[in-house]
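Good morning, and thank you for coming.

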Amino acid sequence: MDKKSPLLPENPSPAYICPFDQACSYLDAAAKELKLEQGTLEILSNPRKVVTVSIPVKRDSGEIQVLAGHRVQHCDVLGPYKGGIRFHPAVTLREVSALAMLMTWKCALLGIPYGGAKGGIAINPKSYSIHELERISRRYISELIKDIGPSVDIPAPDMGTSASEMAWMMDTYSVNVGHAVPGVVTGKPLSIGGSLGREMATGRGVMIIVREALADKGKSLAGTRIAIQGFGNVGGGAAELLHQAGAKIIAVSTGSGGIFAENGLDIPELQAYAKENNRKISGFPKAKPITNAELLTLPCDVLIPAALENQITQENADQVQANLIAEAANGPVTLEANQSLEARGVTVLPDILSNAGGVVVSYLEWVQGLSYLFWDEQRVNGEMESLMVQAYRKVMQQSQERKISPRLAAYVLGVGRVAQALNDRGLYP
């Protein structure tokens, strides 16, 4: 299929591994397995709406800076759009478009009545003060005011954003419409309608999927050697929960590098150390420094890439020694690398399954906000676990019945549900 979209700019260079092209390749594979009509494939290959807005912001110095903010809405055939907003220097329109598409399949796979969306601004949030970030967040969401809403598009935190940004965005939207609208965003502080369990949701979902995959192999988390690339909200949360379950976390990393301990890291002690050292983990006692590249090739049972996309490529896939990979980040394994790993018998649990815990609890937060009835954390975690386990079982069943990889099985389920809904709704002339 020609992956050129009339709504998106061309790739910056032929050597660039474009997330949007990669997402389309996975869609192509699922469409071929499902024998979708070409017209249906064309509809699903293109985002429904691409919005780019200008964000003038006054810096604390008085300087005026103009930023570009994106919001891509991929498909709302199953329900309102849903997806995070990221503040990161590497944000591009094609990357955001890829993530919006993946969110569509993720929500469909988990049985959540949402369509996929994603937003972002290409900034390093560490280079801005808290007051500047508030001004950026408020102006960004005010520019999108006609394109979001609790029944239209519900943003959430992503890389570089947090509950604080969601609170500012919720307040900005509410002030503009004249009343409080807690359902316009998720991932909010508890004080204004956030959900218990949201902070650890994505990491908890990763833990659940790894636990289920190991159980299918006749193993348990206890004593399992796990390496985690990334020690932020997702990687750190997964490390904490896996450690509590008895797993040996032998290595973790941040953007500046990682640490390794043959007999396992003391995760609570490491978290305390990182908190005292501005989230840095370098210099942690009883651990050796390693690079992010070295972490990916360590001898271990489970590898969890929880940082950025395109971390395992054709260049280093043959050096990966883990037998099980759980994609906690979005697109950390390239298409070619995935094929090489599968050929070697390595099980790759795709991102649209492994990291779905966050959107599941975002959905539960949205439901609570619309009903104005809030649950305790035990119920939230229980509801999330039920949906995650159910989705995992469906993926593995589809994989076995069709004799295809877990990744393709996940896409077949997600894409298939959206395609069926699109067929049932029909095409508005």
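By salt bridge I mean a side-chain nitrogen of Lys or Arg within 4 Å of a carboxyl oxygen of Asp or Glu. Glu 212 counts as buried because its relative accessibility is 11%, whereas Arg 211, at 25%, counts as partly exposed. Here buried stands for under 20% relative accessible area, exposed for over 50%, and partly exposed for what lies in between, with a 1.4 Å probe and protein chains only. Salt bridges with shared partners join Arg 211, Glu 212, Asp 216, Glu 385 and Arg 393 into one network.

A word on the basis of these values. The model is predicted, with local features needing pLDDT of at least 70 and side-chain atom pairs counting only at pLDDT 80 or more, while totals for chains, interfaces and linings use all residues. Residues are numbered from 1 along each chain as its sequence is written, and side-chain values use heavy atoms, with hydrogens and water left out.

How many salt bridges does the structure hold? There are 21 salt bridges. One of them is formed by the side chains of Glu 132 and Arg 59, at 2.8 Å from N to O. Glu 132 lies in helix α4 (residues 130-143) and Arg 59 in the loop between β1 (49-58) and β2, so this pair ties together parts that are 73 residues apart in sequence. Both Glu 132 and Arg 59 are buried. In naming these elements, I take helices (H or I, at least four residues) and strands (E, at least two) as DSSP runs, numbered from the N terminus.

Another salt bridge joins Arg 138 to Asp 171, with the closest N and O atoms 2.8 Å apart. This pair also links distant parts of the chain, since Arg 138 is in helix α4 and Asp 171 in helix α5 (residues 163-177), 33 residues apart. Arg 138 is partly exposed at 25% relative accessibility, and Asp 171 is partly exposed at 32%.

Let us turn to the sheets. Five strands form an open sheet in the order β1-β2-β4-β3-β5, with mixed pairing; two strands pair if DSSP finds at least two bridges between them. Strands β1 and β5 stand at the edges with a single partner strand each, so one side of each has no neighbour in the sheet. From one strand to the next, the twist averages 20°. Within this sheet, β3 (residues 81-87) and β5 pair in the parallel sense over five bridges. Tyr 81 has Asp 153 as its bridge partner in β5, and Gly 84 has Ala 156. Is β5 mostly covered or mostly uncovered? Strand β5 (residues 153-157) is mostly covered, with five of its five residues buried.

Seven strands form another open sheet, in the order β9-β8-β7-β6-β10-β11-β12, again with mixed pairing. Its edge strands are β9 (288-290) and β12 (347-349), each pairing on one side only. Strand β11 (residues 324-326) runs parallel to β12, and three bridges join them. The bridge partner of Leu 324 in β12 is Thr 347.

On a 1 Å grid over the protein atoms alone, a cavity is a set of points where a 1.4 Å probe fits but cannot get out; a pocket is an open set with protein on both sides within 12 Å along at least five of seven lines; and lining residues have an atom within 4 Å of a point. Grid points are joined across faces, edges and corners, and a volume is the space filled by probe spheres set on the points.

By this rule there are two cavities of 30 Å³ or more. The largest cavity has a volume of about 140 Å³. Of its 16 lining residues, Pro 19, Gln 22, Leu 102, Asn 330 and Gly 331 lie nearest its centre. The elements that give two or more residues to this lining are α1 (19-34), α3 (93-110) and α14.

The second largest cavity holds about 30 Å³ of space. Its lining consists of Leu 99, Leu 102, Met 103, Lys 106, Lys 118 and Asn 330. Helix α3 gives the most to this lining, with four residues.

Note on methods: Axes are lines fitted to C-alpha atoms, for helices over the stretch in contact, and angles run from 0 to 180 degrees between N-to-C directions.
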